[in-house]
Amino acid sequence: MFQLNKKYFDGARECNFSIHGKTLETPIPFAISNIGGGAGSIDRFVSYIDMILSQRIPILFNFYYLTRGGTFKVDWVKRIASDEDMLDFILKQREIFRKKGWIADGYKEFDFTGDKPIILLDTGSGNIVRDLAVQGLTIEGLISEFDKLIDEYFMFGESHNFDILVSLDYALKQTFRGKEKENPRYIETIEKLRKVNYNLNLLVKSLRKYSDGNFSFMLFAPVHGATVKEISRNCEAILEIEAKEGTKFGGFALALPEEGQRNYDSPEEFFYNLGRSIRSVLDRHHDNRPVHGLGIGAADNIIPLVLAGVDSYDSNTPWRRAMDGSNPSNSDFSGSYSKFLLPIVHEDGTPYPKSDDALKYVRLPDITDSFECDCAPCKRYPMKTIKKLYHSIDKEEFYLAKMVMYVHAILQAKSIGSALVKHSNSIEELESFTEGLPPKYRAFVNRILLQSQLM
Ligand SMILES: [Zn+2]
């Protein structure tokens, strides 16, 4: 199922997932969009999913959006048959969208024959807790709802052929935004839930059901904490639970702690320490299981996360940056443009010429027409073409430009991870690779190398 192929220094790893006859090599990003809960552009994620499938990028889905709520709940997700494979359903849906004309004229599908990608189901449980708490459910009521939810969640994952499920938790929100602040009942529920370790109890219940149920997916334990230290402690606690129960999770899903990066010198130090918070605990136990960085895999964070030993990662940022712009040929154009991620490495792992904007999302008009990227969608749609499509009066061409920008950012997240392990065979090699990267990474990597030499 899961195999560690190579380990560099005290962190970076190359691994192999193999599940349901599909394989996946890490380090790897997951493509994510809130299928079920978003607006019209989510439908185009489906229309153009061949762009993702052809690149063998795994996909993360969200249980809450697929089955419950969302800002713009779409009805079509309800049409999935009770035992239908999730990707087959999406591909069927894609045909419906294409018949509706939700695709650019003359678009030629990217070839995606071969294995289907690994699909991961995340809970979206923060939203589930909020919805239940806002309805006025007591703590006891909420706990009993979640106990029932374990079955529904596992059955959903199993019947739709998900490969990996992140185990349910109460995803205790650390900061309250907008309307949540105005809801004292919600805040009170969260505060209460935080006092006792309800999350670990829920993990025990899930682990028991999982080992009794003969499920075919891998179950990852979510690891939360207020601080990086608390994440280490919670990881230890999960290992103790497993020893007691005589059964194990398939891997771990690392979430962002409340303290954020404020107690660290730089974001790189923070994300490195965050990755190490789990990996060093596992190393002490000679435990090689995979760690997925849940929602923390923005392009900037990948180098520290992968060097710390995080195997896969996802982030909402590529989707948001690509989708946030409006259409310049519309009369109500707001002036906001989608943003294109300026890459640092080519697909073969060689660095781009240094730039102050490296790994920043830059407004589309601010990228030069001659900018070249060798990822598959950019090769077919060079910058000049992306801009032309973006300015088209045909809204499907406008959406296509956004999808190219989105998949480009995901592929850069993949290239960064693979370049890093490719150049990690020796300290000298890693040093010379980082010479080509923006100075902040070079300085950070040098500190990490120094640490590992001193150890
Ligand atoms: Zn590209």
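1. Basis. The model is predicted, so local features need pLDDT of at least 70 and side-chain atom pairs count only at pLDDT 80 or more, while totals for chains, interfaces and linings use all residues. Residue numbers start from 1 along each chain as its sequence is written.

2. Overall build. The chain has 17 helices and 13 strands; helices (H or I, at least four residues) and strands (E, at least two) are DSSP runs numbered from the N terminus. The radius of gyration is 22 Å, close to the 23 Å that the globule rule gives for 455 residues, so the chain is as compact as a globular protein of that length. That radius is taken over C-alpha atoms, and the rule is 2.2 Å times the number of residues to the power 0.38. The C-alpha trace spans about 60 × 55 × 45 Å along its principal axes.

3. Barrel. Eight strands form a closed barrel in the order E4-E5-E6-E7-E8-E9-E10-E11, with parallel pairing; two strands pair if DSSP finds at least two bridges between them. On average, neighbouring strands of this sheet are turned by 30° against each other, direction ignored. Leu 165 stands opposite Leu 219 in E8. Helix H9 packs on the sheet, where it touches E8 and strand E9 (251–254), and its direction makes about 140° with that of E8.

4. Hairpin. Strands E2 (residues 13–19) and E3 (residues 22–26) run antiparallel and are joined by five bridges. They form a hairpin with two residues between them, and His 20 in the turn has a positive phi of about 50°. Cys 15 stands opposite Thr 26 in E3.

5. H8 with H9. Helix H8 (residues 198–213) packs on helix H9 (residues 228–245) at about 40°, with the axes 11 Å apart. Axes are lines fitted to C-alpha atoms, for helices over the stretch in contact, and angles run from 0 to 180 degrees between N-to-C directions. H8 is therefore oblique to H9 (under 35 degrees counts as roughly parallel, over 145 as roughly antiparallel, 65 to 115 as roughly perpendicular, the rest as oblique). Leu 200, Leu 203, Val 204, Leu 207 and Arg 208 of H8 meet Ala 237, Ile 238, Ile 241 and Glu 245 of H9, contact being C-beta atoms, placed from the backbone, within 7 Å. By class, this contact has seven nonpolar, no polar and two charged residues (Ala, Val, Leu, Ile, Met, Phe, Trp, Tyr, Cys and Pro count as nonpolar, Asp, Glu, Lys and Arg as charged, the others, Gly among them, as polar).

6. H9 with H10. H9 and helix H10 (residues 267–284) pack at about 25°, axes 9 Å apart, so H9 is roughly parallel to H10. The crossing is right-handed. Val 228, Ile 231 and Cys 235 are among the H9 residues in the contact, and Leu 274, Ile 278 and Val 281 among those of H10. The contact has six nonpolar, three polar and one charged residues.

7. H14 with H15. The axes of H14 (residues 383–390) and H15 (residues 395–422) come within 7 Å and cross at roughly 140°, which makes H14 oblique to H15. This crossing is left-handed. Ile 386, Leu 389 and Tyr 390 of H14 meet H15 residues including Glu 397 and Phe 398. By class, the contact has eight nonpolar, no polar and one charged residues.

Note on methods
Two residues are in contact if their C-beta atoms, placed from the backbone, lie within 7 Å. A crossing is left-handed if the near helix is turned anticlockwise from the far one by less than a right angle, and right-handed if clockwise.
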